[in-house]
Amino acid sequence: MLEDKKQERTSLEELGEFGLIEHLTKNFELQQPSSIIGVGDDAAVMDYNGKKTIVTTDMLVEGVHFDLSYMPLKHLGYKSVMVNLSDVYAMNAMATQVTVSLAISNRFPLEALEEFYEGVALACKLYHVDLVGGDTTSSTRGMIISITAIGAADENDIVYRKGAKPNDLLVVTGDIGGAYLGLQVLEREKEVFKVNPNSQPDLEPYSYIVERQLKPEARKDIVELLKKLEVKPTSMIDISDGLSSEVIHLCKHSDTGCNVFEDKIPLDPTVISASEEFKMDSTMIALSGGEDYELLFTIDQADFPKIKGNPNLTVIGHMTEKSEGIHLVSRANTKIPITAQGWNSFNK
């Protein structure tokens with residue numbers, strides 16, 4: 001039988017990461033009683049004799065997610081673990097174990113892998129998680145990293161992307177936009193180095209945002225803080241692909257709209273100054289930059305007094321009825337529709 005050479009082809013770029021996952025998994029139904037939440041949240045949730053187990057996995061590919069010309073291998077090992085732990089904390093759970101799998105080309109000597117695992121070991125030590133397995137294999141080019149993180153939580157503590165209600169407050173941890181600008185600084189210095197290999201970059205003025213890119217920290221402390229404050233979010237997600245994408249995810253899963261106030265978005269002074277230097281809009285960077293690994297969550301208004309004045313938490317908006325849509329309220333008090341402009345690995 002002759003193959004049809006004119007088959008319809010759909011570009012992965014059109015779908016984007018989340019559209020692709022949704023399309024490929026839409027016909028999968030959960031069959032095991034222990035499977036509580038499958039594809040579609042920050043992590044999967046399974047129930048074994050009443051105790052909830054959280055599982056999440058991420059893959060990082062050289063040339064797509066990281067550039068070894070300016071990413072030290074020790075930092076890469078550390079960051080690879082953080083990316084996964086962040087998803088567990090976004091479920092309001094505590095991470096307990098990780099597995100690490102690598103595909104590596106023959107350009108990497110043993111010493112390079114030892115450096116990578118030093119970063120993994122530091123992350124495990126600081127966040128009290130155990131390395132319990134993984135795999136290694138060869139790659140025809142570059143390095144591919146796949147890490148699975150496992151966590152645990154009581155059923156009553158788990159928070160999903162769904163659950164937000166109209167009038168709930170939208171809260172973000174820390175500050176955002178720094179990781180993207182750190183990447184811009186590193187990319188600029190890489191281009192300068194190509195032209196003049198003898199040049200020595202002065203990264204001191206950018207130390208905060210460069211560290212946000214090379215060595216992010218997952219917000220385990222926020223899960224502990226919320227428990228201490230006796231606040232359980234109504235919905236939660238981590239900011240890996242940009243604030244706009246994550247707000248849309250919460251609204252989609254919770255069936256709500258949202259108003260985000262531009263003047264409430266927390267920006268570090270370094271982010272503002274670097275934005276001006278690169279002639280970029282700091283609000284757009286916060287909305288679309290990604291890789292901040294902060295937590296975005298909603299709380300009932302009755303819990304506001306418990307978080308009021310806490311330096312780790314900033315209320316940046318509130319949820320609305322779905323019919324009102326998803327908007328950024330500008331400093332000029334103009335409503336601008338929020339669209340998903342976050343990072344897409346399938347973009348050419």
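Which residues does Ser330 touch, not counting residues up to four places away in sequence? Ser330 touches Glu262 and Ile336. This structure is a predicted model.

**Ser330**

- Ser330 sits in a loop. That loop runs between strand β12 (326-329) and strand β13 (335-337).

**Leu296**

- Leu296 belongs to strand β10, which covers residues 295-299.
- Leu296 and Ile239 are 57 residues apart along the chain. Their C-alpha atoms are separated by 6.6 Å.
- Ile239 is also one of the residues that Leu296 touches, leaving out those up to four places away in sequence.
- Other contacts of Leu296 include Leu170, Val171 and Val172. Ser235, Met236 and Ile237 are also among them.

**Helices α2 and α3**

- Helix α2 spans residues 73-89, and helix α3 spans residues 110-127.
- The two helices pack at an angle of about 40°. Their axes are 6 Å apart.
- The crossing of α2 and α3 is right-handed.
- On the α2 side, the residues that meet α3 include Leu73, Leu76, Val81, Met82 and Leu85.
- On the α3 side, the residues that meet α2 include Ala112, Phe116, Val120, Leu122 and Leu126.
- By class, this contact has 14 nonpolar, three polar and three charged residues.

**The second largest pocket**

- The volume of the second largest pocket is about 290 Å³.
- The lining of this pocket has 16 residues. The closest to the pocket centre are Asn92, Met94, Asp157, Val223 and Lys227.
- Which elements each supply at least two residues of this lining? They are β4 (94-104), β6 (143-153) and α6 (220-229).
- Helix α6 gives the most to the lining of the second largest pocket, with four residues.
- The lining divides into seven nonpolar, three polar and six charged residues.

Technical notes:
Residues are numbered from 1 along each chain as its sequence is written. This is a predicted model: local features need pLDDT of at least 70, side-chain atom pairs count only at pLDDT 80 or more; totals for chains, interfaces and linings use all residues. Side-chain values use heavy atoms; hydrogens and water are left out. Contact means heavy atoms within 4.5 Å. Axes are lines fitted to C-alpha atoms, for helices over the stretch in contact, and angles run from 0 to 180 degrees between N-to-C directions. A crossing is left-handed if the near helix is turned anticlockwise from the far one by less than a right angle, and right-handed if clockwise. Ala, Val, Leu, Ile, Met, Phe, Trp, Tyr, Cys and Pro count as nonpolar, Asp, Glu, Lys and Arg as charged, and the others, Gly among them, as polar. On a 1 Å grid over the protein atoms alone, a cavity is a set of points where a 1.4 Å probe fits but cannot get out, and a pocket is an open set with protein on both sides within 12 Å along at least five of seven lines; lining residues have an atom within 4 Å of a point. Grid points are joined across faces, edges and corners, and a volume is the space filled by probe spheres set on the points.
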